[in-house]
Amino acid sequence: MRFTIATAFVTILSCSLFASAPHAERAERLAFFEKKIRPVLMEHCQRCHSIEAEKAGKLKGSLRVDTREGLLVGGDSGPAIVPGKPKESLFLQSLHYDGDIRMPPKGKLSDAIIADFAKWIQDGAVDPREDTKTVRPRSPADQMIAAGKNFWSYRPVVSPTAPAVQNKKWPLQPMDAFILAKLESQGLAPAPDADRRTLIHRLYQDLIGLPPSLAEVDAFLADSSPDAYEQLVDRLLASPRFGEHWGRHWLDVARFAESVTLRGLIFQEAWRYRDYVIDCYNRDVPFHRMIVEQIAGDLLPASSLAEQQRLRIATTFLMLGNTNLEDQDKQSLRMDFIDEQLDVIGKGFLAQTITCARCHDHKFDPIPTADYYAMAAILRNVQALEDSNVSRWVEVPLPLTPAEEKTFAQQEAQVAQLQAEIKKFKSAMTAQAAKAGKILALKDIPGIAIDAETAKKVGEWQLSQFSGTYIGSGYVHDRNEKKGEKSITFEPAITRTGRYEVRLAYASGESRAEKVPVSIFSADGEKDLAINMKITPALDGRFVSLGTYRFEKNGQSYVTISTTGTTGHVTVDAITFVPEEEATKKISAPAKKQPSPGDQSHLAGLEAKLKKLQKTAPKRPMAMSVKEEPKITEGTILIRGVVHNIGASVPRGVLQVATIGKPPVFPKDQSGRRELAEWIAQDANPLTARVYVNRVWHWLFGVGLVRTTDNFGTTGELPSHPQLLDALTQEFVRDGWSTKKLIRRMVLSRTYRLSSDGATLTRPADPDNRWLAHAHRKRLTGEAIRDKILSLSGQLDLTAGGRSFPANLASDYGFQAETNQRSVYLPVFRGAMPELVAVFDAADPSLVTGNRNTSTIAPQALYFMNHAFIIEQARLAAVSLLKQDGNPTDRAYRLTLGRLPTDRERSVIARFLETQSDSKEAWSAILQSLIASAEFRMIR
Amino acid sequence: MLTPISRRDWLTATGCGFGALALAGLAHGETTIPQRSVAPHMGPHHAPRAKRIIFLFMQGGVSHVDSYDYKPRLIQNDGQKMGFEDARVKANTGKQTSDHRVMKPLWKFAQHGQSGRWASDLFPEVAKHVDDLCFIHSLHTEGVAHGPATLFLHCGSTNFVRPSMGSWVMYGLGSENHNLPGFVSIAPSAGNGGSRNYGTAFLPAIYQGTPLGRAGGPASAARIQNLHGPLTPEQQRSRFDLLRELHQEQLRSRPGDRELEAIAESYELAWRMQANAPETLDLSRETPETQSLYGIGEKATDNFGKQCLLARRLSEAGVRYIQVTYGDSSANPAWDQHSNMPKHGDHARAVDKPISGLLTDLKRRGLLEDTIVWWGGEFGRTPYAQSNGTGRDHNPGGFTVWLAGGGFQPGIAYGATDEFGALAVENKVHMHDLHATILHQLGLDHERLTYRYAGRDFRLTDVHGHVVREILS
């Protein structure tokens with residue numbers, strides 16, 4: 001719409017303003033342009049903003065200044081000049097260097113030149129450089145979307161009938177007919193079926209990511225029943241190992257990780273999401289349901305507490321981006337966070353590169369910027385971060401079962417009771433300690449003491465004497481309002497460099513805030529603490545210690561107490577900096593009586609009990625999740641994606657080009673996530689089911705029908721078998737979006753069972769094997785390589801789920817997992833990826849990965865040659881091999897390569913054994929070499 | 001423009017035999033192969049002026065006003081409160097200016113060399129080389145905090161996951177040495193983006209940087225992973241020979257299977273790397289004179305001296321992109337003197353002689369001709385005291401880096417900050433421009449060094465960056 005108005009504007013202007021200027025005046029203004037304006041434009045602007053720049057592909061900001069129309073139509077930020085209105089002209093603003101756009105980039109022009117431009121614009125921006133040919137207003141968004149709907153992936157899914165084929169015996173099901181028909185039309189024939197030994201290995205790896213045991217292979221080879229294969233498929237689909245393997249596929253797409261690279265901060269609760277995904281695959285939760293759960297689980301009704309927990313955990317999906325939480329511009333950080341969410345939603349579910357439209361309309365796909373901000377508006381209605389210097393992701397307590405709730409309630413009651421007891425005892429003690437002792441003068445406090453009254457305050461702080469215990473004339477509190485807008489800062493005059501204990505005095509009580517952020521800046525740097533003001537301060541009922549730090553004479557030192565994120569009153573009485581050597585001294589009130597030693601030890605006992613209880617009792621379980629904002633709003637476009645550059649408003653919405661039928665209506669009292677999710681998950685969405693079916697095809701066959709699994713836009717590839725993709729999609733939707741049924745259909749096809757050996761025959765005709773005359777030979781993932789090694793050494797631990805790192809781990813630096821659980825359970829730390837998995841093309845956990853890389857690099861070879869893990873597992877495998885009966889060579893080959901050795905291979909092994917004196921060493925060497933060998937990492 | 005095709009398919013389609021391409025292919029991975037090019041990398045786009053680069057990363061942000069950007073006004077106005085455009089205040093509150101106490105440089109400035117370039121006595125040894133250095137005083141960047149700015153420095157983006165500069169260079173130029181990784185990061189920091197700062201993001205894995213050791217760790221920890229293992233050399237040899245035989249048999253069953261061949265060949269490469277890399281990494285092969293040139297053996301300079309010497313040995317061996325980090329993995333890394341500015345002196349002592357030694361050594365070996373040495377941090381520091389204390393805050397708005405060798409004009413100073421050193425004002429050079437200029441010297445056009453991912457062409461410089469031709473010789 002913006003552009004249409006701009007175009008209209010140009011027309012009106014050229015008719016009225018310029019035409020009506022008297023001739024002489026116009027001549028004078030033209031001369032001014034030639035003398036003062038044109039040379040500057042040519043010298044300073046046109047290198048990047050002209051037809052030449054456009055032709056060289058170097059045009060910046062889509063703005064041209066080499067024609068009048070270019071300036072009037074403007075660039076990405078809108079019209080560059082508004083004739084007669086210098087103040088409204090972006091061009092002039094940018095010359096002034098006082099906004100986000102500052103031009104020219106090399107340095108501000110002289111004031112005289114800027115004044116010339118102001119005058120020129122004021123006088124109507126007379127400009128002889130007319131050109132309506134090369135500058136065209138951009139096509140309006142509506143047009144772009146209407147045209148876009150003709151692209152294959154935005155068209156509704158059709159129901160094609162299976163094509164006729166010549167070789168009628170070959171297809172086992174309709175799917176095969178689509179493949180065969182294409183092959184026949186290309187003059188190709190399908191390869192023979194793979195042998196049964198190959199098939200059982202292929203099925204095990206593709207369905208559960210583990211090799212079959214030798215007994216399982218033998219049983220399958222011996223099973224002559226006609227449905228042996230089908231039974232095997234069903235067994236594997238029902239195995240709990242299935243979810244571990246297929247869950248990992250989805251975790252690649254969901255860019256699942258358990259830390260951020262910034263300071264290696266740990267996502268303590270992300271593992272719950274991993275377990276949720278595995279569970280979904282094991283229980284075959286319909287995929288459209290999984291979509292809604294992951295985007296809006298917290299907004300869905302739940303029939304049980306367990307379900308409520310599941311749904312809450314599902315939304316961790318929205319939280320896992322590798323965000324730079326330290327960005328100081330918190331508005332910008334928030335938009336980057338949302339951008340990342342849109343990226344994973346867009347690529348993951350829709351295979352759309354939505355985030356390309358953040359700064360401008362999508363250059364290739366029919367996605368206008370307005371669509372981006374319509375979707376961003378939905379996510380702006382939820383809180384995912386709590387702002388701080390290093391912002392923190394939101395965690396919410398999980399709803400509990402009545403039994404658990406009872407345990408936690410009991411324990412919390414115990415804590416409360418102890419606290420009350422301590423409080424009562426203390427107040428009795430302090431009452432005893434005489435009324436005179438309750439109010440202290442500043443001079444009675446040891447150290448460099450500062451009263452709250454004289455500290456630097458931001459926002460309104462109320463002075464109070466209500467508690468009766470205070471220093472100076474009272475303490476201050478924040479009135480429990482305007483949270484986040486108030487702070488109080490103490491700056492001591494340190495006269496001697498040294499270590500000081502910092503103590504904070506506050507007025508405790510039940511109505512107080514629990515997590516009051518306090519930061520201490522010393523020569524040691526900045527330290528952030530949270531103080532619970534419900535608790536009576538430990539020192540004299542008045543002070544808590546904030547720790548001991550080094551402060552320098554005249555150095556930067558301060559303590560700031562803020563109200564950000566607090567609930568309840570924040571109170572501040574005083575701060576004192578006590579030299580370390582004096583820190584043991586008691587605070588002595590003038591007429592204060594010391595409590596008796598008996599009382600003191602009773603109190604100490606109570607406090608120790610409380611501390612122990614708080615430390616040892618289980619923590620309330622939390623989940624990484626979002627919180628709905630209290631106020632629901634619609635959106636605004638941010639011009640060129642800059643948060644401070646606010647453009648037109650847009651209501652919440654979804655991708656228009658992929659909307660068939662009515663767009664969703666968004667409720668006034670909710671973010672709109674549920675409607676967004678339901679729009680994505682609806683049967684009629686032309687993208688979602690196709691994208692998912694293609695992903696499953698890719699994971700099973702090694703190459704998608706659309707090879708760009710995460711991009712179904714115009715820059716992605718076209719499907720090799722569009723009708724087959726639609727047919728499978730229709731069936732998938734009819735089956736209620738069941739992943740297991742979809743997999744079952746695919747693996748029961750004849751196409752899936754083709755041999756991968758036919759490669760050389762069809763190569764010249766179809767070098768990429770797009771027509772699937774034979775199976776693609778796939779590589780094992782790093783996870784599968786590790787699991788296979790652990791299973792052949794007998795070390796695989798099938799314990800499932802749970803947090804797989806110490807609960808108190810603060811950063812991922814140098815972390816090494818010591819577990820033999822399946823690889824999917826290794827912590828996915830972005831700064832400390834499990835080495836084996838990383839070296840074998842792990843999905844980058846910061847990016848949506850539907851299609852992993854396949855590389856052959858020397859570090860993989862070095863890993864197999866030298867890593868202690870491989871050498872040790874090979875040794876253990878050798879020990880176990882030597883305990884078994886039968887031919888060890890056969891056994892070793894079957895375990896590692898899934899086949900019997902050739903005669904030549906037998907003799908290689910025999911010759912090697914002759915050179916070795918120690919059989920354990922010899923077999924360790926053989927197993928290591930087999931594991932390292934090329935075939936080990938292949939799925940044939 | 002690259003089309004992703006599998007390596008073996010490409011080999012078949014182009015009809016080349018495996019043997020001739022084995023090494024090149026292995027060294028560059030196999031997921032993406034450029035068409036019409038034998039070696040799987042893009043460039044160079046034009047005749048390069050430099051073959052390799054050594055980036056000396058001063059993590060945390062060296063104060064430019066205490067080192068190379070001489071501002072007499074800071075001495076004149078020392079101690080006075082004045083209004084500055086503080087990047088942190090601006091980001092947090094939107095406030096354009098805030099009052100701060102001007103702090104004079106703590107080190108004495110003087111003009112040095114024939115060129116008369118200004119330098120303080122913070123780096124007395126490097127000051128002797130000013131006639132070989134090309135100073136940029138008007139650098140500015142994005143990100144006020146370490147995390148964003150460090151990522152911007154390395155990957156050209158404060159937040160988005162993008163390939164690192166070294167990976168881009170590898171993608172553009174490939175490696176000169178097939179027995180060593182082409183992109184090495186010595187003692188990288190785990191913090192502030194950690195591995196992302198030498199990662200490939202969406203570029204193929206082969207362009208990944210190889211970390212040697214860790215920031216703040218001993219130089220002796222600078223090793224290539226899995227180059228050595230628990231086996232004896234005899235065990236290794238016999239297992240390697242057995243593996244070769246097993247591979248021969250596997251290939252016999254599948255003649256012409258290029259994927260199997262490629263894996264077999266990767267072991268040959270690993271074997272050669274194992275044989276050659278230890279020698280390159282072995283500093284004891286250097287003469288005592290050379291070692292002492294780098295300050296090896298002296299307490300203050302031993303560690304960084306070893307790392308610099310290692311950088312020279314690697315560059316001599318044909319490693320394309322070498323980064324040496326002086327820093328650590330903390331939230332307030334090495335040079336981050338928010339308080340206690342004199343601490344800069346300790347860090348300077350640790351790096352001054354090693355860097356000077358590196359420059360001397362490169363020059364006398366004729367390596368400086370085609371090696372770029374880039375010295376700098378993720379940002380500079382403010383000309384005023386942070387919160388009236390004894391330190392300086394981060395300053396992304398204007399700071400100094402220097403470049404040496406590699407076709408940069410020696411002995412010049414380009415661009416300027418304002419009279420206080422707060423903001424770049426004259427001939428401003430953005431970090432994107434610096435990236436573009438360095439790529440240019442390596443023979444790469446930053447606008448053509450693109451990679452198609454998720455439907456669009458990505459660049460190190462995004463849609464920005466100009467080559468600063470004025471500083472090229």
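Modeller: Domain bounds here come from an automatic or database domain assignment. The model is predicted, so local features need pLDDT of at least 70 and side-chain atom pairs count only at pLDDT 80 or more, whereas totals for chains, interfaces and linings use all residues. Residues are numbered from 1 along each chain as its sequence is written, and chains are lettered from A and ligands numbered from 1 in the order in which they are written.

Biologist: What are the domains of chain A?

Modeller: The assignment gives domain 1 (2-138), domain 2 (317-396 + 629-681), domain 3 (434-592) and domain 4 (865-939). The centres of domain 2 and domain 4 of chain A, taken over C-alpha atoms, are 54 Å apart.

Biologist: What scores does the model carry, and how confident is the predictor in chain B?

Modeller: The ipTM is 0.73 and the pTM 0.74. For chain B, the pLDDT (the predictor's confidence in each residue, from 0 to 100) averages 87, and 92% of the residues score at least 70. Over residues 1-39 of chain B, however, the pLDDT is below 50, although this stretch has 66 contacts in the model beyond near neighbours in sequence. Two residues are in contact if their C-beta atoms, placed from the backbone, lie within 7 Å.

Biologist: What makes β6 and β18 of chain A a pair of strands?

Modeller: Strands are DSSP runs of E with at least two residues, helices are runs of H or I with at least four, and both are numbered from the N terminus. Two strands pair if DSSP finds at least two bridges between them. Because 4 bridges join β6(A) to β18 (residues 574-579) of chain A, they count as paired, and they run antiparallel. A:D451 stands opposite A:A574 in β18(A).

Biologist: Why are β6 and β15 of chain A called edge strands?

Modeller: They belong to an open antiparallel sheet of 4 strands in the order β6-β18-β12-β15 (chain A). β6 (448-451) and β15 (543-551) are its edges because each pairs on one side only.

Biologist: What makes helix α6 of chain B mostly covered?

Modeller: A residue is buried if 20 or more other C-beta atoms lie within 10 Å of its own, exposed if 12 or fewer, and partly exposed in between, with C-beta atoms placed from the backbone. In α6 (residues 146-155) of chain B, 10 of its 10 residues are buried, so the helix is described as mostly covered. Among them are B:H146, B:F152 and B:C155. The buried residues of α6(B) pack against α7 (165-173) and α13 (431-441) of chain B. Just after the helix, B:G156 takes a positive phi of about 75°.
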